[in-house]
Amino acid sequence: MQPRNMSMSGVVDLAAVKAAGEAKAKAEQARAEAARQAGQGGGAGPSAGAVPPSALVIDVDEAGFERDVLQLSAEVPVVLDFWAEWCQPCKQLSPLLERLTVEANGRLVLAKVDVDANQMLMQQFQIQGIPAVFAVVAGQVLPLFQGVAPEQQIRETLAQLVQVAEERFGIIGIEVDPNTEGAAPAAAAEAETPAGPHDALLEAAVVALDAGDLGGAVQAYKNVLADDPANTEAKLGLAQAELLARVQHMNPQAVRSAAAENPKDPAAQIAAADLDLVGGHVEDAFGRLVDTVRVTFGEDRDAVRLRLLELFEVIGADDPRVSAARTALARVLF
């Protein structure tokens, strides 16, 4: 969705928001249909940037660590598996991590580190024994566990990692080509599943937007997400409707004056960023909030960070401006 299609001149342009939301929904449906046809031999190719499942499990050495792990961690959580050929427990754990990574369908990447060949990395991570498993998210190292753990425990740990990456940094992973050999079966099944039971609720949200009932639209989208938290259209619609509700009664001149006079005031900068986005100034909105994160601390910083993640939802994860802002956010946080 392109925010430049929205305007704010004393009133909210609901028609533009509705059109943008419908365009986004049609794009999602088109991708799903292409994936379905490809699964039936229709020949449709993957979306640009999609990777094969084999790219989700990689071998990493000291020379490529910055590129293959640190830089990549701004797009997807990277799980580090420290192992060695002589390590019997490693031979039990590594295949399990590989399988769970492929099943995660792009929400994780597994980077395998042979400690015999990469002694410096082993020392830097202060590893006392293997197997040892860490994660890197937005450049931040997180210890996960050491030794062999039960599969259910590992699943829960990886699920928590994915959740932290999305909620704290807005990192949702990379797209996997469902037509490549080895793709997770669940991914193909998801692509073939029609939107189905939530159509009525989504339509109710659009009707509410048409009527200028932003509160009703917000509630309708929340009703969908309560039953289907991963519903892309509802996430996008909710983010848009909440943004419009926030700016609907703002005095743009007063908001911008307050932001200019109080560059370190989180509330003033958050309000101005909302107006920036509604006016189509995406980079300005993101840059304003990243700069505010840089100069704030504690609860103030967290409030600004969370609003930035909400604005990412308005634009959409596949927009390059979101990717750039995520990287900038990670740099100022760490």
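**The lining of the second largest pocket**

Analyst: By class, the lining of the second largest pocket holds 6 nonpolar residues, 6 charged residues and no polar ones, where Ala, Val, Leu, Ile, Met, Phe, Trp, Tyr, Cys and Pro count as nonpolar, Asp, Glu, Lys and Arg as charged, and the others, Gly among them, as polar. This is a predicted model, in which local features need pLDDT of at least 70 and side-chain atom pairs count only at pLDDT 80 or more, while totals for chains, interfaces and linings use all residues. Residues are numbered from 1 along each chain as its sequence is written, and side-chain values use heavy atoms, with hydrogens and water left out.

A pocket here is an open set of points on a 1 Å grid over the protein atoms alone, where a 1.4 Å probe fits and protein lies on both sides within 12 Å along at least five of seven lines; lining residues have an atom within 4 Å of a point. The space in this pocket comes to about 320 Å³, a volume being the space filled by probe spheres set on the points, which are joined across faces, edges and corners.

Among the lining residues are Glu-166, Leu-225, Pro-229, Lys-235, Arg-246 and Val-314. Helix H9 (232-247) and helix H13 (298-315) each supply at least two residues of the lining, and H9 gives the most, with 5 residues. Helices here are DSSP runs (H or I, at least four residues), numbered from the N terminus, and the protein has 14 of them.
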